[in-house]
Amino acid sequence: MNKKLAAALSGGAVLVLTLSGCGGDDKSEKVNAWAKKVCDQVQPQLQKIANANAAIQQQTADNSKPADVQKTDSAAFQQISQAYKALGKAVESAGPPPVDNGEATHKDAVKELNTSSAAYADLQKKVDALDTKDQAKFADGLKSIADELNKISSNGDQALKRLQSGEVATAMAKQKGCQKPTASAPPKSTTTGSGAQASPSTSPSEES
């Protein structure tokens, strides 16, 4: 029932999650200092997002009760919304990175993070409004939410990509705080039953 939603969430773009160690010469101390300031604040929020994703993954069994799925997804979206808001504050408080066009990319990235926070808060409201007593309608509602989640993930990361490019990307990749965290509650393995009507078999291609 919740498979497409989980797949969409796991593909969402999140600041610095896509970064891996980059080669290159040591960059300026100012860029490295900026990256450390951001990454030290980022890690707890990335952990919250990873944990929320894991919680949704745990509710992907075909026999999951709609009420349980709703409760889990609502809490996860709330947690992700709060994490994005905190990420926006972290990037904003760090100020523009000391690179070319740093001020413009910084402003756009903060705006993007705050927009994502609002979008996840809206998804939480939509999940809360779903009718858990009608499984077919609930499944259709989840599909619609997953489609919206795909749009958020695929269309909302351009400013972040510009922010974490060049010297900034290299500097961030060196910071432990900007490395992709492992969920504290890894998804349980689930079995697939015959009641898959609520869970479209197609998975969105993409990120978070």
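Modeller: Let us start with lysine 126, which has a relative accessible area of 31% and so is partly exposed. Here buried means under 20% relative accessible area, exposed means over 50%, and partly exposed lies in between, with a 1.4 Å probe and protein chains only. This is a predicted model, in which local features need pLDDT of at least 70 and side-chain atom pairs count only at pLDDT 80 or more, while totals for chains, interfaces and linings use all residues. Residues are numbered from 1 along each chain as its sequence is written, and side-chain values use heavy atoms, with hydrogens and water left out.

The side chain of lysine 126 meets that of aspartate 122 in a salt bridge, at 3.4 Å from N to O. The term stands for a side-chain nitrogen of Lys or Arg within 4 Å of a carboxyl oxygen of Asp or Glu. In general, side chains of opposite charge can pair when their charged atoms come close. Aspartate 122 is also partly exposed, at 33% relative accessibility. Both residues belong to helix 4, where they sit four residues apart, or about one turn of the helix. Helices are DSSP runs of H or I with at least four residues, strands are runs of E with at least two, and both are numbered from the N terminus.

Now look at helix 5 (residues 135-155), where lysine 143 and aspartate 147 are also four residues apart, about one turn. These two form a salt bridge as well, with their closest N and O atoms 3.4 Å apart. Lysine 143 is partly exposed at 35% relative accessibility, and aspartate 147 is partly exposed at 27%. Over the whole structure, a search finds four salt bridges.

Helix 4 has a packing partner too. In general, two packed helices are described by the angle between their axes and the distance between the axes. Axes are lines fitted to C-alpha atoms, for helices over the stretch in contact, and angles run from 0 to 180 degrees between N-to-C directions. Helix 3 (residues 66-94) packs against helix 4 (residues 102-128) at about 165°, with the axes 8 Å apart. That makes the two helices roughly antiparallel; angles under 35 degrees count as roughly parallel, over 145 as roughly antiparallel, 65 to 115 as roughly perpendicular, and the rest as oblique. The residues of this contact divide into 11 nonpolar, 10 polar and four charged. For that count, Ala, Val, Leu, Ile, Met, Phe, Trp, Tyr, Cys and Pro are nonpolar, Asp, Glu, Lys and Arg are charged, and the others, Gly among them, are polar.

Finally, step inside. The largest nonpolar core has 41 residues, and those with the most contacts inside it are Trp34, Phe77, Tyr120 and Met172. Such a core is a set of buried Ala, Val, Leu, Ile, Met, Phe, Trp, Tyr and Cys residues joined through side-chain atoms within 4.5 Å. Helix 4 is one of the helices that each supply at least two residues of this core, while the largest share, 10 residues, comes from helix 2.
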